[in-house]
Amino acid sequence: MKIVSAFFFLLSGPVGSLAQEDLERKVFIFPESSNTSHVVLKSTSQRPLTSFTICLRTYTDMTRAHTLFSYATKTNDNEIVIFKTKPNEYNLYVGTGDVIFFFPEKVAMKPSWEHICMSWESDTGLVEFWLDGQPLPRNGMMKGHRISGEASIVLGQDQDSFGGGFDINQSFVGEMMDVYMWDRVLSDDEMCLVWGNRVPSNPIINWRALTYDIKSYVVLKPSLFSVCRAA
Ligand SMILES: *[C@@H]1O[C@H](CO)[C@@H](O)[C@H](O)[C@H]1NC(C)=O
Ligand SMILES: *[C@@H]1O[C@H](CO)[C@@H](O)[C@H](O)[C@H]1NC(C)=O
Ligand SMILES: [Ca+2]
């Protein structure tokens, strides 16, 4: 389905059907730790993946480990997971592999949003991890692997079964926006564009036309991103 420009558009059907909406300048707020609150996303593609890129932006003061993005298949609940273990460490899972990306702790004068892009390609197994528009040293895993396109995709919780099995101690608390996925590895120029809030072509998860379903206590609100910037 192609949406040209819609602010709010309901796929036909009764209560419980998924909304598709342009969420530009909006955020999902996950107000508290829970083993229920999450957002379900639908990809526009069901084809198997031999590469992908996932990008998103978060705003949180959490220090405990938490899950941002969880892509479970019928055979593997950790098929793709973006898990932040510490303020300066991300753990990324693909298939039965995982890699850790460390970076220097930010010495921030004020809280700030964090933008990440993660990509993986089957041919080489290489994983790219871009933090605020900067690539970290590349890592690799699961060379030759193929990812099923039939997935349950969840924000803010780690699935330990297809669509459920959440652990309150791995839940996300904070704000999240600009969630995208592509079925390819973006070029370096494209990675920079996403950081700057532009959208490279053909995302299979598209914040500007997002098919999603809020479960339990997650609130959709306008971003407070730049309210006082011009003062
Ligand atoms: C979820 O949390 C509630 C209390 O907060 C608890 O009673 C319940 O057992 C938990 N469920 C799971 C699956 O952990
Ligand atoms: C979550 O962490 C708290 C504090 O460490 C612990 O008491 C509790 O048992 C944990 N809950 C689960 C479901 O693991
Ligand atoms: Ca899991």
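Trainee: Which residue's side chain meets that of K74 in a salt bridge?

Mentor: Happy to start there, and note that this is a predicted model, where local features need pLDDT of at least 70, side-chain atom pairs count only at pLDDT 80 or more, and totals for chains, interfaces and linings use all residues. Residues are numbered from 1 along each chain as its sequence is written, chains are lettered from A and ligands numbered from 1 in the order written, and side-chain values use heavy atoms, leaving out hydrogens and water. A salt bridge here is a side-chain nitrogen of Lys or Arg within 4 Å of a carboxyl oxygen of Asp or Glu. With 2.8 Å from N to O, the partner of K74 is E150.

Trainee: How many residues apart are K74 and E150?

Mentor: K74 sits in the loop between β6 (66–73) and β7 (80–86). E150 is in the loop between β13 (139–140) and β14 (151–155). Strands are DSSP runs of E with at least two residues, helices runs of H or I with at least four, both numbered from the N terminus. The pair links distant parts of the chain, and the separation is 76 residues.

Trainee: Is K74 buried or exposed?

Mentor: Buried means under 20% relative accessible area, exposed over 50%, and partly exposed in between (1.4 Å probe, protein chains only). E150, at 41%, is partly exposed. K74 has 56% relative accessibility, so K74 counts as exposed.

Trainee: And K84 with E114: are these two buried or exposed?

Mentor: Their closest N and O atoms are 2.9 Å apart, in a salt bridge. K84 lies in strand β7 and E114 in strand β10 (residues 114–121), so the pair ties together parts 30 residues apart in sequence. K84 has 8% relative accessibility and E114 has 7%, so both count as buried.

Trainee: Which residues are joined with K84 into one network?

Mentor: Here salt bridges share partners. Together with K84, the network holds K106, E114 and D132.

Trainee: Where does R47 lie, the residue that pairs with D183?

Mentor: Their side chains meet in a salt bridge at 3.5 Å, N to O. R47 is exposed at 57%, while D183 is partly exposed at 27%. D183 is in the loop between β15 (174–182) and α1 (188–195), 136 residues away from R47, which lies in the loop between β4 (38–41) and β5 (51–59).

Trainee: How many salt bridges are there by this rule?

Mentor: Side chains of opposite charge can pair when their charged atoms come close. By the rule above, the count is 11.
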